[in-house]
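User: I would like to learn how to read a protein model. Please take me through it one feature at a time.
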Amino acid sequence: MRLANKVAIITGGAGGIGLAAVKRFLEEGAKVAIVDYDKQQGEKMEAELGENVAFFAVDVSKLADVKEMVEQVVDRFGKIDILINNAGITRDATLVKMSEEDFEKVIQINLNGVYYCTQAVAPHMIAQGSGKIISTSSVSGVYGNFGQTNYAATKAAIIGMTKTWAKELGRKGINVNAVAPGFTATPMVEKMPEKVLQQMEGITSLQRLGIPEDIANAYLFLASDEASYITGHVLQVDGGIMM
Ligand code: NAD
């Protein structure tokens, strides 16, 4: 029960890594707000996972909706201890072929969404003098990746924001960290060609793709009291893909 009496918001919590994190956090005693724009899947999970879960059908790139959601979470659960900025999308194309729309969309969700959620949650954490903020970067944001001008830019930006917020919020008792997953078997990567996935396994030291639980366990560690003296850190959870 490493998260007993804790309240967590997990964005993108209706599927993939986010859903694995919701389940892991519930096992450890947390109350969890799932924030996701997939209403059908979110409502299904809320019904399945029991009374310690509340679903909020929100697109994290819509500032007014994010602000309203945060107030509703506080009304429902009384406080917010943990924010997991996990929602994200890809719209890959090489530099010359990338459309303005695909560039902008990824920026709005992966970058603006993280900023909006953190800005809306931070005053509550500052008032209580504690909190854990964990955002999802990517090895793509650390090393770049073919076809990911937009995505890599947002995931590198998350590292910059994480380190900035760690400096600003440390004196308020708030830890701010990021997790940078490698290739992880979720709907996001399962749409890639089998050949690419095999190549990724081949260049990973541990010779397998990650599973959502690998990343969920890293979120859990950084959200727990065991990580109280860790802040401004980017934890790569990638099976050694970039070694
Ligand atoms: P996924 O596509 O399987 O799940 C993402 C979830 O986020 C979905 O439930 C989706 O509905 C939700 N979502 C997307 N945009 C949203 C928005 N604007 N508002 C609210 N909800 C939204 O993806 P995943 O693989 O689980 O990825 C989770 C995070 O991990 C993302 O930030 C992703 O960039 C990052 N990541 C994934 C991998 C990987 O290999 N899967 C690697 C590195 C980083």
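User: What percentage of the 243 residues of the protein count as buried?

Analyst: First, the ground rules. This is a predicted model, in which local features need pLDDT of at least 70, side-chain atom pairs count only at pLDDT 80 or more, and totals for chains, interfaces and linings use all residues. Residues are numbered from 1 along each chain as its sequence is written. A residue is buried if 20 or more other C-beta atoms lie within 10 Å of its own, exposed if 12 or fewer, and partly exposed in between, with C-beta atoms placed from the backbone. By that count, 45% of the 243 residues of the protein are buried.

User: What radius of gyration does the protein have, and what would a compact globule have?

Analyst: The radius of gyration is taken over C-alpha atoms, and the globule rule is 2.2 Å times the number of residues to the power 0.38. For 243 residues the rule gives a value near 18 Å, and the protein agrees with 17 Å. Along its principal axes, the C-alpha trace spans about 45 × 40 × 35 Å.

User: How many helices and strands are there?

Analyst: Helices (H or I, at least four residues) and strands (E, at least two) are DSSP runs, numbered from the N terminus. The protein has nine helices and seven strands.

User: Which residues of α3 are buried?

Analyst: The general idea comes from helix geometry. An α-helix has 3.6 residues a turn, so residues three or four places apart point the same way. In α3, the buried residues are Val-66, Met-69, Val-70 and Val-73. Seen down the axis of α3, these buried residues fall within an arc of 100°, so they line one face of the helix. The arc is that of the directions from the helix axis to the C-beta atoms. On the other side of α3, Ala-64, Glu-71 and Asp-75 are exposed.

User: What do the buried residues of α3 pack against?

Analyst: Contact here means that the C-beta atoms of two residues, placed from the backbone, lie within 7 Å. The buried residues of α3 pack against β1 (7–11), β2 (31–36), β3 (53–57) and α4 (100–128). Just after α3 comes Gly-78, with a positive phi of about 90°.

User: Why is α1 described as largely enclosed by the rest of the structure?

Analyst: Nine of the 12 residues of α1 are buried, so the helix is largely enclosed. Among them are Gly-16, Leu-19, Arg-24 and Phe-25. α1 covers residues 16–27 and reaches 17 Å from its first C-alpha to its last, close to the 16 Å expected. The expected span is 1.5 Å times one less than the number of residues. Gly-29, with a positive phi near 95°, follows α1.

User: Which residues come nearest to the ligand?

Analyst: A residue is near a molecule if its C-beta atom, placed from the backbone, lies within 6 Å of it. Of the 28 residues around the ligand, Gly-12, Gly-15, Gly-16, Gly-88 and Thr-186 come nearest. α1, α4 and α7 (187–190) each supply at least two residues of this shell.

User: Is Ser-137 buried or exposed?

Analyst: Ser-137 has 29 C-beta neighbours inside 10 Å, so Ser-137 counts as buried. Ser-137 lies in the loop between β5 (131–136) and α5 (139–143). Leaving aside neighbours within four places in sequence, its contacts include Lys-155, Ile-158 and Val-234.

User: And Gln-198, buried or exposed?

Analyst: Gln-198 counts as exposed because 10 C-beta neighbours lie inside 10 Å. Gln-198 is in helix α8 (residues 194–202).
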